[in-house]
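The account treats salt bridges, disulfides, a sheet and nonpolar cores in turn.

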Amino acid sequence: MRHVPTAALAGLMGLLAGVAGVGDARARDLTGTFAYRERIALPPEAVLVVEASDGAGRPLASPGEPAAGAQVPLEFSLDVPEGQDVLLRGGIAVGAEIRWLSEPVRAAAGAEPADLGTIPLVPYRAVGLASRLRCGDLVAEAGLRAEGAILRVAARTIALAPVEAASGAKFADPADPGTWLWSKGDALRISLGGTPLPDCVPALPATDTWRAGGHEPDWAVEVRGGTVGLTRPGTAAVNWSLPAPEAAGTGTLYRLGTDGPVLTVDPEPCRDSMTGMPHPDRVTLAEGGHILAGCGGDPATLLAGPDWRIAEVAGVALPEDAEATLRFSPGGGLFGKAACNRFMGRHALSGEGLRLETGGMTMMACPEPLMAAERAILDALGRVDRFDVDAGGDLLLLGGDAMLLRARF
């Protein structure tokens, strides 16, 4: 099976050329196979998904190819730029759900083709929304519910209802018919606000581990490799196999063991009661008449996406002709435009908050109103210490007691 990236690689080269002055790069070929040890046959609709990124987490290539009835080991061949380290992962999707997933594998920078050998896959099942999709530059999550479907894009969660379609299954936002999810045969399409996105393909999860927890009393749940582990201070850890999900309103319910607790995951932003850190999921753990509340999922998924458009600095709207954007890459990269010049840098997200650091920047001169806006944006970025999201899905970058920047998806 051969994978030939085109648009993804060209798009990245264009971004690098625009931000850092990097010109065209030659490509090298990475090859190998993915396999798992379990004696489980792949269905005909299975798809091998291979994703490659650079050291900052920027995507280099993200091809997927139907297995077409083939069984593991599945071969891959991937073109990536010469002269830079590459982080590569693979997975196998059935429908739009990833069922098998590998650990990241690093390929050192070089110019010659490289064979990465056999990369092991382990069972994987998503918690909450079952499908992660890449539609051009945009990554979305989706899940079916008894009354329709749920679509999540960055910090915005949208409940979709069934609507009539000439073929396939279509779900639309009752408040905005231009926002829909449409499955037709092997094709899956998404439209946001009347703008159809490129055809969607399965995307690998940002991490193979899902975590949730709460306080008073403290508790923590970790899901990895099909196993759910529950820890509480003063008690021994308990583990269960991750059961099949059940629909529960807009969320998903998991019955852990025969007489174990019930874990419910709702796809709506939740703030940790001690740190204030926003998480993508609201979680409850019900056991013996007691209900423990907490938050779950990776906060980084609320930042991820294509571009955030900066709308306000310290509560003041930017000039109409000021183009200001932010993009957070999974590996800690930061890219954007500050009203006049493009920049790149790093972001660091931890339990303590969010830190931003700008680095390389173009040196174009602009009219003074745009230069003033740029100075204000760069100053604000340097003072950010945490983030939040509001009910409308806006990203709020905060520092101290002040809202420094508001950005819209």
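A salt bridge is a side-chain nitrogen of Lys or Arg within 4 Å of a carboxyl oxygen of Asp or Glu. The model is predicted, and local features need pLDDT of at least 70, side-chain atom pairs count only at pLDDT 80 or more, while totals for chains, interfaces and linings use all residues. Residues are numbered from 1 along each chain as its sequence is written, and side-chain values use heavy atoms, with hydrogens and water left out.

**Salt bridges**

The structure holds 21 salt bridges. In one of them, the side chains of Asp-281 and Arg-152 meet at 2.9 Å, N to O. Asp-281 belongs to strand 28 (residues 281-287) and Arg-152 to strand 12 (residues 148-153), so this pair ties together parts that are 129 residues apart in sequence. Strands (E, at least two residues) and helices (H or I, at least four) are DSSP runs, numbered from the N terminus. Both Asp-281 and Arg-152 are buried, a term for under 20% relative accessible area, whereas exposed means over 50% and partly exposed lies in between (1.4 Å probe, protein chains only).

Arg-327 and Asp-307 form another salt bridge, with 3.0 Å from N to O. Arg-327 lies in strand 32 (residues 323-328) and Asp-307 in the loop between helix 2 (300-303) and strand 30 (308-313), so the pair ties together parts that are 20 residues apart in sequence. Arg-327 is partly exposed, with a relative accessible area of 23%; Asp-307 is also partly exposed, at 36%. Salt bridges that share partners join Glu-312, Asp-390, Asp-394, Arg-406 and Arg-408 into one network.

**Disulfides**

A search of the whole structure finds three disulfides, each defined as a pair of cysteine sulfur atoms within 2.5 Å. The table gives the torsion about each S-S bond and its handedness.

| Disulfide | S-S torsion | Handedness |
|---|---|---|
| Cys-135 and Cys-200 | about 100° | right-handed |
| Cys-270 and Cys-295 | about -65° | left-handed |
| Cys-340 and Cys-366 | about 80° | right-handed |

Cys-135 and Cys-200 are both buried. Cys-270 lies in strand 26 (residues 270-271) and Cys-295 in strand 29 (residues 290-296), so their bond ties together parts that are 25 residues apart in sequence. Cys-270 is buried at 4% relative accessible area, and Cys-295 is buried at 6%. Cys-340 likewise counts as buried, at 2% relative accessibility. With the bonded cysteines of the chain numbered in sequence order, the pairing is 1-2, 3-4, 5-6.

Nine strands form an open sheet with antiparallel pairing, in the order 22-21-20-19-29-28-25-24-23. Its edge strands, strand 22 (238-241) and strand 23 (246-248), each pair on one side only. Two strands pair if DSSP finds at least two bridges between them. Strand 19 (residues 209-214) and strand 20 (residues 219-224) run antiparallel and are joined by six bridges; the partner of Gly-213 in strand 20 is Ala-220.

**Nonpolar cores**

A nonpolar core is a set of buried Ala, Val, Leu, Ile, Met, Phe, Trp, Tyr and Cys residues joined through side-chain atoms within 4.5 Å. The largest has 32 residues, of which Leu-326, Ile-377 and Leu-397 touch the most other members. Helix 3 (residues 368-382) gives the most to this core, with five residues. Another core, of 23 residues, lies apart from it, and Phe-34, Tyr-36, Leu-48 and Leu-88 are among its members.
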